[in-house]
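The following exercises are intended to be worked through with the sequence and the coordinates at hand. Each task is followed by a solution in steps.

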Amino acid sequence: MTPSLAAFDDRSGPPSQLMRIAGAFWRMYGGRGTAHDILSCVSIAEQQLLVDQQEVADCGNYLRVPVFHRERWWKLSVRKSQLRRRVVEYGEGRTYGDGLLYGVADDNVRHVVDLVAENKLAELPMICSDLTRAETIWFEGIDFSFDRASQELSLLRDPFDDPAFKRSSVYENGEIVDEEAYLWLHQSQWDRGFVRDHYGYLFGLNDLVSSEAAKRIVVAVYEAVVGGTGRGSVEDLIAACADIPLVKTAGEVVEEIISLDGKLVVTDKNVYRFSEAATVSVAVGDVLEEGRTLTDGLKFFRLNRGETPAELAAITINPDILGPDYFGTLAFYNQDTPLVVEPGVDGKTKVSFYLGGFPPDAETFWKEVHRRGVAADQTLGELLDLRDNPPDQPTAASLPPTVNPMTFLIQNILRFHSTAALVRMNQLGPAADIAQMRHVRAILPPWVGLLLVLLAETSADPVTISDLETDTEANYASLTTDAGYDTDVDTTTRAGQTTFTCQ
Amino acid sequence: MPTLRTLSTELVVQQRELMATLLNELSPNADTRSGPLHDYLVKPHGTLAAYRRTELEEMRYGLSLLLAQANPDIVSAEQVDLILGNYLLTRLPGVASTGSVVIVVTRPITVSVPAGGTFVANGRTFKAVSPFIGLPPGEVALGQFERVMTQRTDGFYSFTVEVECTENGPAGQLPKDALLVPSFPIMALLKAYAASDFSSGAATESNEQLLSRQVSGIAAKAASGRFNCTAAILNDEAFERLLAISIIGYGDAEMRRDTRALLPVQMGGRSDWYVRLTRLPTRTTAVHEASLVEKTADGFGIWQVVFTRDSYPGFYDVPKIIRKSDEGAQGTYAITSLEHGLDDSYIENELTPDLPSTIDGTFTRYQTGVLRFKDTDTATASLTVNSSKRDYLITVRHVPDIVTLQTAVGSRRFAYPGGDILIKAPVPCFVSVAFKVQGRPRADLPDEAALKAAVADYVNTTGFPGRLFAAKILEVIGNFLGSSVYVQYVDMRGEILSPDGRVVHLHSTQVLEIPDDYENMMTGRTVVFYLDPEDVVVSGLTQSQPVLL
């Protein structure tokens, strides 16, 4: 029979069984209570070995590899002198106006402990004063908080004020110099890098921070490598990097959509959590296919039919794609743009349309297009000519008056070897690791590209400018580029769309 | 296996505390600080629990090659081989360098080389792979071991024998013309030298090398993602010792082949694979017939040789040109031009890549060349331009293996439908390294040949690093130095042969860094460092130290 933790928790479990094995003498023995207690202690202590053993076994399977190591009980000794008050530091993500001042101690958090251990603590649900009596139990989020990045434990109450916590004096040269309290961390999760060290390293994922999302990244890459890259692998990888879930199994039925500390989509099989900013794109009763997205935070577009995604305001392409003669990116906007017609340039009609970016780059681009067209004796103007069998060079009358640059780009270039993904940056999950998207390059066949659009939403603040006597709305947009991801066509954002309008 | 002495103190204390606390809570009157419960329960159980937990942790190391490599004292080589089994891999055995040796004798007499007869060169020992008998010209060789001598242009006689290095590994790779000294008598011997570059041997595959190809074991061997493409190549026995590969594709700035249509934007659908299969490019010397194409005012002339795409696939350069009649002579005629060309005509049963521009075919099997050089020994007054021809011994550095690899990836079995994969020899950066070691009087200076081989081996296995650091070379050198020998400096020079024909010079005592030149497809992802052990210059001296006592 496979041993299990349930067996240990059973009242008729190991202690009683061990007593029976020990023989009849111990059941009659006057100190049999102590004997039973000893066997109970041994049994409880053994439970951790079962956990360890199961973890080792699970590490041999890429789907079952544990994200964290679990310690059922871990004793944390805290010296009174080590408890400190929390001082707010700049850059830690505080909200302006929350009553705190940088560099000044937070009176609400008086008891902060810095953890120092070989392995990093990742999650801590409970702190107990003891192992069996449950005199004091502190819960994460209520009685304490834990910051994984700084390995900082912030206690709401002072453990030295609670007699349930055992304590002892610390002596130095025969004198009491400090006091030490013992906190038992229960079911704590420790980052031993299981996912990274057993599977991530195979694919160069050496900088993974352990998380469920990180495991999904590894699983996506693993399955792409072992089975060959499919669309699903690429989408799974991007979703994992953004920590935005996709539907896990085919045929799930949406049962409920809840707004509670974010958006929850509840199906008959799973619960999916999204950012508060997400707009859910399914309704109750919908039957879902595996791998589909559930919100507008993540979308995938297949460009093979030349269709223009309405959600994209523009596509920018960078010098990697354009060539070394360009200073920066060129933006192809998703809006009708007048076609500029210049007759008689090098003997042929030159056409162009507006491209965003550094103006000399756009000029270089159109010069090169025309040069190549003249050299090949088939210019872009001639290709766009609306006449059948045109007898001469096209003029404005025989050319389309406007062009949608983004549609032009998709229909003439991107549709053949590219696909696109849109990620709204304000909807990233808590364990998002956008930098890992660079690994899309490793699993994507080298002859195809992925247009990764990281969309930073604009926000609007009304400002009053003196002498203008009107409110003015300023829209701010931030350019978000994927620095580590250099395979594919490019990233694009609404940067460049920023407007400054007077009301 | 852990021992009680090596257990983590923190873990032992935790386990003991857990037991003691449990016991105290269940039996508050029990004394767990001393006495039998402490001595026979708390202490041994805590220690043994820590032991078993440590043992389990070490078992876990045996499931990961990364952890195994980081804990070599814990995970045995046998355990590592078990891990490899899960990845469908086996450790590649060592291979000895082999090659042909030219034996030059002064008289046409019968001479013999015994089986296993040894030669020494560059601190390595080479043995004859079988007995060989050199027969004077005119006699008839009766078996594969008998070789008839040929008379050389210098009047002496020569025949060849095959040898192999007695040790596995790349250090046994002798360059062409390297002198070998036989450790047995050969009558009338003038000299013995390597007929051509020896094959590159290989040491038994290390854990580190295994780590780099581990993923290829489980990866689908198919033209799919970059891991899969690499795995597919490694799956072929001919390429299983691939040293490095850099796959350039859609979106990479080095990809220029797909930008040559009407719109100056990458179109996708193309992939260039820069592949390093050997530590050094092959040097081949052969006789070529050159045509006189120009007479110069000094009475000599410019001669021309045309290389087809099959002459020297992926050739880099031409280090030596001499007249055939001057065989054995040092020096070379000056090259006046070496123009790259392109022959992408269809090859049966192969998918021929799209090569819209000549530069796209540089360092590929489709590269052709026109070599022009000035012969400063042959008077041309009586010769006719475009008609007169002469034979020359020309040495070329090239990468012949790219032909078989291009054939493999373009084959029906491998190529993806509609695919376009171009195999390229890496853009070369030929490096030379010079350093001086200095020691106290009577200090043992390191074995020069071994030191050169180690430095070259390091540089030649760096893959596509983009940078070559002197600090890393110092580390390699440091492994050879005794306690009283030090390195004074490391001077590194590099010559990149750009695909457009330019030579880019690098020089540093700290780091050689490959500059980015996207138009010419020259970046850290396409350039490799080549270091011939002959180009490692070591000088050493001993110097008195100040006397303090």
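## Exercise 1. The surroundings of Arg387(A)

Leaving aside residues up to four places away in sequence, Arg387(A) touches Asp392(A), Gln393(A), Pro394(A) and Ser398(A). The model is a predicted one.

**Solution.** 

Step 1. Leu399(A) lies 12 residues from Arg387(A) along the chain, and their C-alpha atoms are separated by 8.4 Å.

## Exercise 2. The contact between chain B and chain A

**Task.** Describe the contact between chain B and chain A by its residues, its buried area and its polar pairs.

**Solution.** 

Step 1. Chain B contributes 67 residues to the contact, and chain A contributes 76 residues.

Step 2. About 6,200 Å² is buried between the two chains, with carbon and sulfur atoms giving 63% of this area. On the side of chain B, Arg53(B), Tyr250(B) and Leu262(B) supply 12% of the area buried against chain A, more than any other three residues.

Step 3. Six salt bridges are counted between chain B and chain A. In one pair, Glu17(B) forms a salt bridge with Lys75(A), with the closest N and O atoms 2.4 Å apart.

## Exercise 3. Helix 6 of chain B

**Task.** Why is helix 6 of chain B described as largely enclosed, and against which elements do its buried residues pack?

**Solution.** 

Step 1. Nine of the nine residues of helix 6 of chain B are buried, so the helix is largely enclosed by the rest of the structure. Among them are Arg226(B), Phe227(B), Cys229(B) and Leu234(B).

Step 2. In chain A, the buried residues of this helix pack against helix 6 (212-227) and helix 12 (440-443). In chain B, they pack against helix 5, strand 11, strand 12 and helix 7 (401-409).

## Exercise 4. Strand 1 of chain B and its partners

**Task.** With which strands does strand 1 of chain B pair, and in which sense?

**Solution.** 

Step 1. Strand 1 (residues 96-105) of chain B has eight of its 10 residues buried, so it is largely enclosed by the rest of the structure.

Step 2. Nine bridges join strand 1 of chain B to strand 8 (residues 157-168) of chain B, and the pair runs antiparallel. Here Ile103(B) stands opposite Phe159(B).

Step 3. Five bridges join strand 1 of chain B to strand 10 (residues 189-194) of chain B, again in an antiparallel pair. Val105(B) stands opposite Leu189(B) in strand 10 of chain B.

## Exercise 5. Salt bridges within the chains

**Task.** Compare the setting of the salt bridge between Arg372(A) and Glu368(A) with that between Arg124(B) and Glu167(B).

**Solution.** 

Step 1. The side chains of Arg372(A) and Glu368(A) meet at 2.8 Å, N to O. Both residues lie in helix 9 (residues 359-376) of chain A, four residues apart, about one turn of the helix. An α-helix has 3.6 residues a turn, so residues three or four places apart point the same way. Arg372(A) and Glu368(A) are both buried.

Step 2. The closest N and O atoms of Arg124(B) and Glu167(B) are 3.0 Å apart. This pair links distant parts of the chain, 43 residues apart: Arg124(B) is in strand 4 (residues 124-128) and Glu167(B) in strand 8 of chain B.

Step 3. Arg124(B) is buried, at a relative accessible area of 17%, whereas Glu167(B), at 39%, is partly exposed.

Key
Residues are numbered from 1 along each chain as its sequence is written. Chains are lettered from A and ligands numbered from 1 in the order in which they are written. This is a predicted model: local features need pLDDT of at least 70, side-chain atom pairs count only at pLDDT 80 or more; totals for chains, interfaces and linings use all residues. Side-chain values use heavy atoms; hydrogens and water are left out. Contact means heavy atoms within 4.5 Å. Buried area is the accessible area (1.4 Å probe) that two parts lose on being put together, summed over both. A salt bridge is a side-chain nitrogen of Lys or Arg within 4 Å of a carboxyl oxygen of Asp or Glu. A polar contact is a pair of N or O atoms within 3.5 Å; within protein, one must be able to donate a hydrogen and the other to accept it, and residues adjacent in sequence count only if both atoms are side-chain atoms. Buried means under 20% relative accessible area, exposed over 50%, partly exposed in between (1.4 Å probe, protein chains only). Helices (H or I, at least four residues) and strands (E, at least two) are DSSP runs, numbered from the N terminus. Two strands pair if DSSP finds at least two bridges between them.
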